Amino acid sequence: MTSGARLVVLGRQGAGKGTQAVRLSRHYVVPHISTGDMLRAAVRAGSDLGRQAGKIMAAGDLVPDDLMVGIVDERLGHDDTKRGYILDGFPRTVEQAEALAEITEARPLDLVIDLEVATEVVVERLASRRVCEDCGTNYSTDQPPRYDARCDNCGGNVIQREDDTPEAIKHRLDAYEAKTAPLIEWYKDRSLLEVVDGLGPLDVVTKRLIDVIEARRVGE
Ligand code: AMP
């Protein structure tokens, strides 16, 4: 078995973070921790958290930092993260990154990857994106599931996300530039950042990611 990995994947909405994070989690045999998936599950379950987060998410705003830090702190305490994890969608603000550094003080992150895809490209991808409500597998109007709106992976319902409307897309990308993009410098200053080109066939992008992660290990 390959050694695990403690990774964060940053990138604009629609850069392919979720898809690539799932692939990395299979490769390194560590859990894929997507805060967006966790929040959407909470909304579907109608829990307190879901009630607090649902409206904020539909508008494309960020859920408050203290709530997010609590969720991630709890999740990273589970036994399945001993070999590592792929964090997708967290941190999204400098405050969250600072909290994550504290949470992971005993076992720090190996690497933060910025999956780089230009805004013009992600806008198109987001508008055509479809996603399984149950397992988060991504599809698009060009590459739909094999049978109607049933997920190829788990049979779940494949839908258009409520926040993939043109208004919410714009709002989310603005929030990314204002609040999340500064993290790129923040992690660069801490020598944790690698930028990976997110354009191209899925397998090619996955290989680029693994190559960067492995090069970093050899250099350690
Ligand atoms: P995602 O699936 O990562 O695009 O997340 C969907 C939505 O969940 C975001 O637009 C936010 O409203 C919320 N969300 C997910 N992760 C975070 C986070 N780390 N901080 C604040 N809000 C978040």
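Arg40 counts as partly exposed because its relative accessibility is 22%, the class between buried (under 20% relative accessible area) and exposed (over 50%), computed with a 1.4 Å probe and protein chains only. In this predicted model, local features need pLDDT of at least 70 and side-chain atom pairs count only at pLDDT 80 or more, whereas totals for chains, interfaces and linings use all residues. Residues are numbered from 1 along each chain as its sequence is written, and side-chain values use heavy atoms, with hydrogens and water left out.

Arg40 forms a salt bridge with Asp37, their closest N and O atoms being 2.9 Å apart; the term stands for a side-chain nitrogen of Lys or Arg within 4 Å of a carboxyl oxygen of Asp or Glu. Both residues lie in helix α2 (residues 35-45), three residues apart, about one turn of the helix, where helices are DSSP runs of H or I with at least four residues and strands are runs of E with at least two, numbered from the N terminus. Asp37 is likewise partly exposed, at 28%.

By this rule the count comes to 18 salt bridges. One of them joins Asp110 to Arg6, with the closest N and O atoms 3.8 Å apart; Asp110 lies in the loop between α5 and β4 (111-116) and Arg6 in strand β1 (residues 5-10), so the pair ties together parts that are 104 residues apart in sequence. Both Asp110 and Arg6 are buried.

Arg172 and Asp164 also meet in a salt bridge, at 3.0 Å from N to O, and here Arg172 counts as buried at 6% relative accessibility, as does Asp164 at 2%. Arg172 and Asp164 belong to a salt-bridge network that also includes Arg129, Arg161 and Asp163.
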